[in-house]
Amino acid sequence: MSRVRADEEEYWHSSKFRAFTFDDEDDELSQLKESKQAVNSLRDIVDDDDDDLERVSWSGEPVGSISWSIKETASSSTSPLEGRDSSLQKGSSSYAAFPKQVSSYSLSSLFKGRNKLPSFQSLSDALSDTGVKNYAPELRRPKAEYKDYSNDWNPKDTVRRMQRGKVCSLERFRSLQDKLVLLDEAVAGHDGNVITAVLIFLKRTLRREILFRELEVRQVALCHLIHFLKETGEQKLLLDLLRFLDRTEEVALSQYREHLNIQDVEKRREFLKGCIGLPFSAEDTSHIQDHYTLLERQIIIETNDRHLEMSGQSEIFKKYPRKASILNMPLVTTLFYSCFYHYTEAEGTFSSPTNLKKTFKIPDKQYVLTALAARAKLRAWDDVDALFTTKNWLGYTKKKAPIGFHRVVEILQRNNAPVQTYKDLKDRIQLTAYKCKVERGSAEEEKINSVLNNMQIRWKN
């Protein structure tokens, strides 16, 4: 048995094939040679011109190269050999001749191009290794940007930077003198946005009395602040400023403007009643009085008409239902409404058109034009005819209108007025124009031709 075993061992030692043993230290060397061949083969794949690539060393090893990566992989796979002595390096002449810098190509160069970036370094090593050249792109902002946070500007430089849209902190201007110089520079720059920004800063950091006193001698800045307060609705500060400047009429107008923010109609009426006593000019006082009277009249009309509409007692509200409330409408709209629904009422009623004309001193032209539009829309042609019929002291009647007849005809055409109306107006040109709009061969066209051929009519054109 021992003989057979000795023969087997002799066979294995004499054969060109050797059995695997853990004591065979040449296996590592063969792996390194294979790694070198792999690196050389990779060099043929990429560009051979590597003279311009910088090689970065770290602890005597070709850091970042493919050979270093392969060696690290091989050493980790044979970790049980790491604890052995260094007889491999001492006893193997081929390993001693192995070059340290096999390739200058890093993994990043294969995937990202030929960037000369040091790889596989920790953050502390990268910061402490002064010998390694940093090829990372410059990510810092331009030096000029840091001046935005500097405390070395003067007011003029600050205004210039604000004009260019730079972020500037105005908190460093603490003294009253510096703030006023900053405001003067902003005004001199003729930039409304910069002036407003500086005024907001002063409004926040100065007492009102000081701010008002300094703005009183700076009219440009003062106008900017007044406009800003009106736009932002800071009514209390605006009124205080106007009172300080002794602008009583502007104070009254600003206070009157507050009625726009009151939605409740009864509260708005009471507010307008209180505005009548404000220090307006004589003309403005008359307008405020008319506004209050009109709203008071609208409340009365709205209450009565809503009741008539809901109860069904009025035929006109059945035939032409109201589309909107009359409350807070302008005077002309109220007059049209009255001519549409209350045209025949006596002058003594609040809803009568003639009562409105007399109360608010509506001119004849405005009244006739509004009444014509309202009655023509209802096709009340007798009322339209009566608007233009006047009598002289002898009892003769004639057609007369305070507005141009071309305006009258325009409204009549828009509402498809009958031919007789044009005959009464004695306007041959407008009647001829109206003839072109009717259907050919219709009875209406025949009637128009009959009127145009009547020699007894004294046409005005």
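Where is the place of L206? L206 sits in the loop between α10 (192-205) and α11. The legends below describe close-up views of a predicted model, in which local features need pLDDT of at least 70, side-chain atom pairs count only at pLDDT 80 or more, and totals for chains, interfaces and linings use all residues. Residues are numbered from 1 along each chain as its sequence is written, and side-chain values use heavy atoms, with hydrogens and water left out.

**View 1. Overview of the protein.** The protein has 25 helices and four strands; helices (H or I, at least four residues) and strands (E, at least two) are DSSP runs, numbered from the N terminus. Of the 461 residues, 33% are buried. Buried means under 20% relative accessible area, exposed means over 50%, and partly exposed covers the range in between (1.4 Å probe, protein chains only). Among contacts with a separation of 6 or more, 54% are between residues 24 or more positions apart; a contact means heavy atoms within 4.5 Å.

View 2. Leaving aside neighbours within four places in sequence, L206 is in contact with L176, K179 and L211. R174 is 32 residues from L206 along the chain, and the C-alpha atoms of the two are separated by 10.0 Å.

**View 3. The salt bridge between R218 and D184.** A salt bridge is a side-chain nitrogen of Lys or Arg within 4 Å of a carboxyl oxygen of Asp or Glu. The N to O distance between the side chains of R218 and D184 is 2.8 Å. The pair links distant parts of the chain, 34 residues apart: D184 belongs to helix α9 (residues 176-188), and R218 to the loop between α11 (208-216) and α12 (219-232). R218 counts as buried because its relative accessibility is 18%, whereas D184, at 35%, counts as partly exposed.

**View 4. The salt bridge between D240 and R208.** The closest N and O atoms of D240 and R208 are 2.7 Å apart in this salt bridge. D240 lies in helix α13 (residues 235-244) and R208 in helix α11, so the bridge ties together parts 32 residues apart in sequence. Both partners are described by their accessibility: D240 has a relative value of 23% and counts as partly exposed, and R208 is partly exposed with a relative accessible area of 37%.

View 5. In the salt bridge of E270 with R269, the closest N and O atoms are 3.3 Å apart. E270 is partly exposed, at 43% relative accessible area, while R269 counts as buried at 17% relative accessibility. A search of the whole structure finds 18 salt bridges.

View 6. The buried residues of helix α14 (residues 248-256) are V251, A252, S254 and Y256. They pack against α13, α15 (265-275) and α16 (282-311). H259 is placed in the loop between α14 and α15. What is the relative accessibility of H259? The value is 6%, so H259 counts as buried. Apart from neighbours within four places in sequence, H259 is in contact with R268, F271, L272 and H291.

**View 7. Packing of helices α18 and α20.** Two packed helices are described by the angle between their axes and the distance between the axes. For α18 (residues 331-341) and α20 (residues 364-377), the angle is about 45° and the axes are 9 Å apart. Axes are lines fitted to C-alpha atoms, for helices over the stretch in contact, and angles run from 0 to 180 degrees between N-to-C directions. The two helices are therefore oblique to each other; angles under 35 degrees count as roughly parallel, over 145 as roughly antiparallel, 65 to 115 as roughly perpendicular and the rest as oblique. The crossing is right-handed, the near helix being turned clockwise from the far one by less than a right angle. From α18, V332, L335, F336, C339 and F340 meet Q366, Y367, T370, A371, A373, A374, R375 and K377 in α20. These contact residues divide into nine nonpolar, two polar and two charged. Here Ala, Val, Leu, Ile, Met, Phe, Trp, Tyr, Cys and Pro count as nonpolar, Asp, Glu, Lys and Arg as charged, and the others, Gly among them, as polar.

**View 8. Helix α22 and N416.** In helix α22 (residues 405-414), F405, V408, V409, I411, L412 and Q413 are buried. N416 follows α22 and has a positive phi, near 55°.
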